[in-house]
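Please look over the sequence and the model before reading on. The notes below are arranged by topic.

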Amino acid sequence: MFIKNAWYVAGWSHEVSAGKPLQRMICGEAIVLFRSGDEVVALADACAHRQYPLSSGQLVDGRIRCGYHGFEYDSDGVCQRVPGQKTVPAKARVRRYPVVLRNGWIWIWPGDTAGEGAADPGSIPDTPWLTAPEWDGVTFTHLYDCRSSLVHDNLLDLTHEAFIHETSIGDDAVYENGITVEVTKDAVVVDRFMPNCHPSDLYVTAMGVQPPMDRWHTTEFRLPSLHVIHCGVTSPGASRESGYHIEVLNAITPATENSTWYFYGNFRDFALGDDDINALMRSSLSQVLAEDADALAKQERMLAEGHASGSDVLIAQDAGVARARRMMQQLLDAELTEPKRDRHAAAVDA
Ligand code: FES
Ligand SMILES: [Fe+2]
């Protein structure tokens, strides 16, 4: 049960090289990504002949050749060559998925391509920080052993930082300060302001600031696949614009029912080009992401083994979680029952 009529990040552009196809599970579908000229192509990863994975084949002159009996498919997924015969059966073709490259990410549309607004590149969220020269940062790719909804919950309730990330980025100010939640047409925005607090040692070191400071993080969840956490630190009482800023990008893509791709970027507007700070951020944030992976895999096991005692008990800090869950369910319902209707409009109307 996936929301498929949406853009998801399938990977980083640099992961798809000229020489080798790459298999990715996206929303339960096996997909092969490869380069054909300047473009990245995404096709169903099962040959029309005998379902052999095309990702186990070879790239030949912009086509992908099946490794089993040599069918060759072009970038539209149409077979152009069957070894040993002149004619190619009309049914020898595989599905092609819409793909857009933007700011180093490969965005893919796994859903219907018919209907108003389907696969419209204009609905892909902007992520300029990934490539703008005014920002520097580090990136990671993980495959988490949990369903995607657990990752969304995790990012919309950052009070877990004080506990799961106690030894890395955690501090008590996160749960000691409440949140405000704003809902727009296609986003849930959760803002937390933490005045006069001690930012984590990682940020104090990276920014070179003296606590106490004012701190905030604003999670902007662009449904259904991207969370951008706008973070910052200032001198007490100063404006947010005047501070140090970090943009944390979290592209969440369901792989299967119980595994999720996590494409992560942490980009800052200070210490640009500083290799020492990049190394510090890389080592510290890899610990943070490993802590999340461990917690979410434990949750997944409890759910999968049927140990849940009932529905979740939600608290005040879960206001964003509750709104997002409702909107995600409405998007899914709208897709299942009204495939031609504008999905975001359905979510807001209901
Ligand atoms: S399975 Fe691909 S050519 Fe036979
Ligand atoms: Fe976390």
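This briefing covers the sheets, the helices packed on them and a few backbone details.

The model is predicted. One open sheet has 7 strands, paired in the antiparallel sense. Another open sheet has 4 strands, also with antiparallel pairing. Helix α4 lies across β12 and β18, and helix α5 packs on the sheet at β13, β14 and β15.

**The 7-stranded sheet**

- The strand order is β12-β18-β17-β16-β15-β14-β13.
- β12 and β13 (179-183) are the edge strands, and each pairs on one side only.
- On average, neighbouring strands are turned by 15 degrees against each other, direction ignored.
- Glu182 is placed opposite Val189 of β14.
- Helix α5 (residues 319-337) touches β13, β14 and β15. Its direction makes about 20 degrees with that of β13.
- Helix α4 covers other strands: it lies across β12 and β18 (259-268). α4 runs at about 25 degrees to β12.

**Strand β15 and its partners**

- How much of strand β15 (residues 213-222) is buried? The strand is mostly covered, with 7 of its 10 residues buried.
- Strand β14 (residues 187-197) pairs with β15 over 9 bridges, in the antiparallel sense.
- Trp216 in β15 is the bridge partner of Phe193.
- Strand β16 (residues 226-234) also pairs with β15 over 9 bridges, again antiparallel.
- Phe221 faces His227 of β16 as its opposite residue.
- β15 and β16 make a hairpin, with 3 residues between them.

- Pro211 and Pro212 are joined by a cis peptide bond, with omega at about 5 degrees.
- Pro212 belongs to the loop between α3 (201-207) and β15.
- Leu223 and Pro224 are also joined by a cis peptide bond, with omega at about 0 degrees.
- Pro224 sits in the loop between β15 and β16. Those two strands form the hairpin described above.

**The 4-stranded sheet**

- The order here is β5-β6-β7-β8.
- Which strands stand at the edges? They are β5 (58-60) and β8 (79-81).
- Each edge strand has a single partner strand, so one side of each is left without a neighbour in the sheet.
- β5 is joined to strand β6 (residues 63-65) by 3 bridges, and the two run antiparallel.
- Val60 is set opposite Arg63 in β6.

**Helices α1 and α4**

- Helix α1 (residues 148-156) packs against helix α4 (residues 275-304) at an angle of about 130 degrees. Their axes are 10 Å apart.
- The two helices are therefore oblique to each other.
- The crossing of α1 past α4 is right-handed.
- From α1, the contact takes in Leu150, Val151 and Asn154. From α4, it takes in Asp292, Leu296, Gln299 and Glu300.
- By class, the contact residues are 3 nonpolar, 2 polar and 2 charged.

**Ser148 in α1**

- Ser148 is part of helix α1.
- Is Ser148 buried or exposed? Ser148 counts as buried, because 26 C-beta neighbours lie inside 10 Å.
- Beyond its neighbours within four places in sequence, Ser148 contacts Ile252, Pro254 and Thr260.
- Gly70 is 78 residues from Ser148 along the chain. The C-alpha atoms of the two are separated by 36 Å.

- Cys27 has a phi near 50 degrees, a positive value in a residue other than glycine.
- Cys27 lies in the loop between β2 (22-26) and β3 (29-36).
- Cys27 counts as buried because it has 20 C-beta neighbours inside 10 Å. The cut-off for buried is 20 or more.
- Ala119 has a phi near 55 degrees, again positive in a residue other than glycine.
- Ala119 lies in the loop between β11 (105-108) and β12 (136-144).
- Ala119 is buried, with 22 other C-beta atoms within 10 Å.

Key:
Residues are numbered from 1 along each chain as its sequence is written. Chains are lettered from A and ligands numbered from 1 in the order in which they are written. This is a predicted model: local features need pLDDT of at least 70, side-chain atom pairs count only at pLDDT 80 or more; totals for chains, interfaces and linings use all residues. Axes are lines fitted to C-alpha atoms, for helices over the stretch in contact, and angles run from 0 to 180 degrees between N-to-C directions. Angles under 35 degrees count as roughly parallel, over 145 as roughly antiparallel, 65 to 115 as roughly perpendicular and the rest as oblique. A crossing is left-handed if the near helix is turned anticlockwise from the far one by less than a right angle, and right-handed if clockwise. Two residues are in contact if their C-beta atoms, placed from the backbone, lie within 7 Å. Ala, Val, Leu, Ile, Met, Phe, Trp, Tyr, Cys and Pro count as nonpolar, Asp, Glu, Lys and Arg as charged, and the others, Gly among them, as polar. A residue is buried if 20 or more other C-beta atoms lie within 10 Å of its own, exposed if 12 or fewer, and partly exposed in between; C-beta atoms are placed from the backbone. Two strands pair if DSSP finds at least two bridges between them.
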